[in-house]
Each structure stands twice: as structure tokens, then as C-alpha cells.
Amino acid sequence: MNRNPHVAVVGATGAVGIEMIKTLEKRNFPAGKLTLLASARSVGKKLKYRGQELAVAELKKDSFGGIDIALFSAGGSISKEYAPAAAQAGCVVIDNSSAFRMDDRVPLVIPEINAADLKWHKGIIANPNCTTAITLIALYPLHAAFQCRRIFASSYQAVSGTGAKAITELERQVEQVVQRQPVTREVYPHQIAFNVLPHVDSFLPNGYTREEMKMENEGRKIMHHPTFRASVTCVRVPVYRAHSIAISAEFERPVTVEAALAVLRKAPGLDVIDNPAQSEYPLPLYLSGKYNCAVGRLRQDCALDNGLCFWVSGDQLLKGAALNAVQIAEELIK
Ligand code: A2P
């Protein structure tokens, strides 16, 4: 791989695409050139990168000649349509959608956990689901130390996970409620302002949503743990940015809070904020814009043997998407 690769961001105008551009700049990624791609609607738009205004071009099948790395975040259908063509053109695709995550030929990577899987990529690398990534940043080190059998979890997911339109929807609805006007909705099936929706992604025949099953399916692949089980309820909350997850984990080996804290304090990409007496625990508002996720509220689970309860928060646009993708790109040019 070229040490100064030509990088493309596909979906550059979206909530994640914008964070990808900012993350490349902030981490001083040594891109030789940056190309910004989106739909025909965005042609003519300009986005800032390293003090320059870069024009957005229309994504086309032949957009990838000469591009070394393409960060895709324009939705699963766009990835399915364009990522194979990009890979064929010799570009390495890092795909943020769910399109290829469970494909046996595609590594699914969180660099802090399974960077070694990057070795066997064949042109497409998948970025994990955001809630799964934030959970595993805390769960994996505990699994490595105590062997996780299963988890029960509930998520508290920010609207920016749905994209730029959902951020506008929450802003508009808050304004409408405050102004005592009728609340209008376009993105979610119900009002999201001053409400919580136990519904993220579409429902499956087993009654779980697709988002909920990603934790078990992607968790197994990333942790190389084929018997890992996860029963999850994913909830959309009126938070602009950063997801949180309440987790009860059961381990094969006995685990204490002290032993778990010792493991988590050494874990990469993770801060421990756990001082409940001073009301100190991870909060999505304060983790917005941060690279590290944070874990707290550690306690022995009172309903599970060898069980531990904890709370993790992290910026899902960063660790759950843009940052993880840029970290993968950094691994590729190492
Ligand atoms: P555009 O702004 O031109 O519609 P979000 O997840 O925040 O909604 O962002 C989705 C991203 O995917 C945007 O950058 C959007 O570009 C891009 N996108 C959506 N549809 C297409 C398409 N048909 N071709 C290329 N990019 C697309």
C-alpha cells in the first residue's frame, strides 16, 4: 500500500462522511489526495479539508481509478452496488454499512481487537455496527481475561446514528414541542423528542430487530468466539450524539469488580469513569467528539453467576464509524 494513499470518502456529505473527513485531518492521516463522493444532489457542494475547500463529485462506477483506499458510508445498497467495482479497480474499500459484515470473504475489524484479520482481506473490509463496536471495546478485554459466555444488554442510541436527517428531525420536534405546535415526523415511526423508541432497524421473524442481532453475529466474528450469545434490546433515545449500552455479562471464570477494573484500566481505546459516590460515570453528552469510549457503573451482577454489570458510552459517529474506519486505514499503511 502506498504510504501517501489517494483516499476517497463515499457519502462525504452525510453525518458519518463529514466525521471521516474531520478524522482524517485531525489524525494527520498521510493522504496524498482526498476525493469526496456523494449523490448527484451534492455536486457543487464544497467541504473543508486541511484549510482547502474540496468540491464533492458524483459517485459513479468509474469513480475509483487511481484511488487506493475508499471509505464508504452511503448506506448498504450503495455499498453493494459500488464497493465490488471499487475493489475491482484495485482500491481497498473500508465499508461502514452492514452489506458485507457477515461475508466470510470479508474481515470485520475493530483494530484494538482483531487487527490481524486485515491480513486476509480481498479488497473489502467491513467496519462493525456502532453499538457492537462500543460494547466490544469494553467487553473484549473482559472476555480475554474471564471468557464471556453471554450478555444481556439494552442500548440507548443517539439519533445521529440514523443520519443527518434524523438530527434535523429531533431539532425540529424539540422546537415544535416548545412552541406548542403540532409535531411532524419523517424519519422515525413515532415522535422522538421527549420519547424513547424500542425500535432500531427492521424486525426479524424471531422478534428481535436486525440491529439487536448484530451484537451476537458480529461479536462472534470479531472476537473469534463462535458460541458467544447476546440478548439485546436496542432503543433510540433523544440524544444527538454518542450511544450508551447497559450490559450484564456472564463469564466462565469467576470475576470481581476489582479484577475487572484492573483489566479495563489497561484496555486500549477505553477510559474508566467509575465513581458513583461523586455521580461520576460515562455520559453520552460528554463523550461526544471523543475518540475513546468509557466504561463505568461496574458491579457484581446479582442475578448471574460469575456476572458483571457495566455501562459503556462512546461516540458512535467516531468509534462506531468514522474513527474505526480511519484506524483501519492507518493499519493498512503501517
Ligand atoms: P447526498 O448528501 O448527496 O444525498 P446520512 O447517513 O447522513 O443520511 O448520509 C448519507 C450519505 O450517503 C450522504 O453523503 C449521501 O449523499 C450519500 N448518498 C445517498 N444516496 C446516494 C447515492 N445514490 N449515490 C451516492 N451517494 C449517496
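This is a predicted model: local features need pLDDT of at least 70, side-chain atom pairs count only at pLDDT 80 or more; totals for chains, interfaces and linings use all residues.
Local features need pLDDT of at least 70 and side-chain atom pairs count only at pLDDT 80 or more, while totals for chains, interfaces and linings use all residues. Residues are numbered from 1 along each chain as its sequence is written, and side-chain values use heavy atoms, with hydrogens and water left out.

Around the ligand stand 15 residues, each with a heavy atom within 4 Å of it. The closest are Thr-13, Ala-15, Ser-39, Arg-41 and Ser-42. By class, this shell holds seven nonpolar, seven polar and one charged residues, with Gly counted as polar.

Ligand oxygen atoms lie 2.8 Å from a backbone N or O atom of Ala-15, 3.0 Å from a polar backbone atom of Gly-14 and 2.9 Å from one of Ala-164. Of the 570 Å² that the ligand exposes when taken alone, the protein buries 71% (Shrake-Rupley method, 1.4 Å probe).

Across the whole structure there are 15 salt bridges, meaning a side-chain nitrogen of Lys or Arg within 4 Å of a carboxyl oxygen of Asp or Glu. One of them joins Glu-112 and Lys-319 at 2.8 Å, N to O. Because Glu-112 belongs to helix α3 (residues 111-114) and Lys-319 to helix α9 (residues 318-333), the pair ties together parts 207 residues apart in sequence. Helices are DSSP runs (H or I) of at least four residues, numbered from the N terminus.

Terms used: A polar contact is a pair of N or O atoms within 3.5 Å; within protein, one must be able to donate a hydrogen and the other to accept it, and residues adjacent in sequence count only if both atoms are side-chain atoms. Helices (H or I, at least four residues) and strands (E, at least two) are DSSP runs, numbered from the N terminus.
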